[in-house]
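Q: Could you take me through one spot in this model at close range, and then set it in its surroundings? I would like to start with a single side chain.
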Amino acid sequence: MKNKLSTALLALFFGCIGAHRFYLNQDRKGYKYLYLSISIIGLYLIRYFFDIDTKFTLILNYSLLAILFSIIVFDFFYFLIITDDKFDDKYNGYNGNTYFKEIQNEIDTYYRYIKNIDLIAIKNGDFKEGSYNGLIKELMDIYDKMINVPPAQIYLYRNDFHKLQDEINKINISLGDPKINYFNFFNTYLPNDDSF
């Protein structure tokens, strides 16, 4: 992820070679800065070695230098002043939607982990008693009862389910994992048949 302060400092100290633009993956703009610097140095060397000190070459050399200096100073202050959100939107392609997608990917990865590893072990009873997986097993048993009773009797299990789900989610949050609605989770990841 690109940093606006790093970009501003690159513009200030190495802006003449377009380092800040290369840092932002704007290679075409970076090459323009580089070509402008090479032109200024080349024109100076031509004036020095060939002793061509006409007004035109002098004005051209200083004009190019002033243009480059102005652009570098402008870029430096621009990257200092721009807000973090605007910088992220423009140069990191990072906005609310991107953030939401990253969070969703983390949750999906966690769900896949539980589906592929924990749920199989839990369903088979391959875990230590009193462990986190033991709590999930209890929750699964209550879930099985909830989905196998008539809708009018679900309330018999709802309080136990929510109480245990809250307890498990406290553990999840303390470990940095997402808070999960286990009813929806089981409904999504546990098949209805016993082939699991």
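A: Happy to. Lys29 is partly exposed, at a relative accessible area of 42%. On this scale buried means under 20% relative accessible area, exposed means over 50%, and partly exposed lies in between (1.4 Å probe, protein chains only). Before going on, please keep in mind that this is a predicted model, where local features need pLDDT of at least 70, side-chain atom pairs count only at pLDDT 80 or more, and totals for chains, interfaces and linings use all residues. Residues are numbered from 1 along each chain as its sequence is written, and side-chain values use heavy atoms, with hydrogens and water left out.

Lys29 is found in helix 3, which covers residues 27-49. Helices here are DSSP runs of H or I with at least four residues, strands are E runs of at least two, and both are numbered from the N terminus. Looking back along the chain, the C-alpha atom of Lys29 is separated by 7.3 Å from that of Gly18, eleven residues apart in the chain.

On the surface, Lys29 belongs to a patch of positive charge together with Arg28, Lys32 and Lys90. Such patches take residues with over 30% relative accessible area and no salt bridge, joining like charges within 9 Å and nonpolar side chains (Val, Leu, Ile, Met, Phe, Trp, Tyr) within 5 Å. Lys and Arg count as positive and Asp and Glu as negative, with His and the chain ends not counted; each charge is placed at NZ of Lys, CZ of Arg, CG of Asp or CD of Glu. Helix 3 gives the most to this patch, with three residues. One member, Arg28, also lies in helix 3 and is exposed, with a relative accessible area of 73%.

The loops on either side of helix 3 deserve a look too. Asn25 sits in the loop between helix 2 (19-23) and helix 3; although not a glycine, Asn25 has a positive phi of about 60°. Asp51, in the loop between helix 3 and helix 4, likewise has a positive phi, near 55°. Most residues other than glycine have a negative phi.

Now for the charges that are paired. The structure holds two salt bridges, each a side-chain nitrogen of Lys or Arg within 4 Å of a carboxyl oxygen of Asp or Glu. Arg21 meets Asp75 at 3.2 Å, N to O. Arg21 lies in helix 2 and Asp75 in helix 4, so this pair ties together parts that are 54 residues apart in sequence. Arg21 is buried, at 7% relative accessible area, and Asp75 is buried as well, at 3%. The side chains of Lys4 and Asp84 form a salt bridge of 3.8 Å, N to O. Here helix 1 holds Lys4 and helix 5 (residues 84-92) holds Asp84, so parts 80 residues apart in sequence are tied together.

Helix 1 and helix 4 come up again on the nonpolar side of the surface. Leu5, Leu9, Leu12, Phe13, Phe14, Ile17, Phe77, Leu80 and Ile81 form a nonpolar patch with about 880 Å² of accessible area together (Shrake-Rupley method, 1.4 Å probe, with only the protein chains shown counting as cover for residues). Helix 1 (4-14) and helix 4 (55-81) are the elements that give two or more residues to this patch, and helix 1 has the largest share, five residues. Phe77, in helix 4, is partly exposed at 44%.

The largest nonpolar core has twelve residues, among them Leu135, Tyr143, Phe161 and Tyr182; a core is a set of buried Ala, Val, Leu, Ile, Met, Phe, Trp, Tyr and Cys residues joined through side-chain atoms within 4.5 Å. Helix 7 (132-147) and helix 8 (155-174) each supply at least two residues of this core, with the largest share, seven residues, coming from helix 7. Over the whole chain there are nine helices and zero strands, and buried residues make up 31% of the 196 residues.
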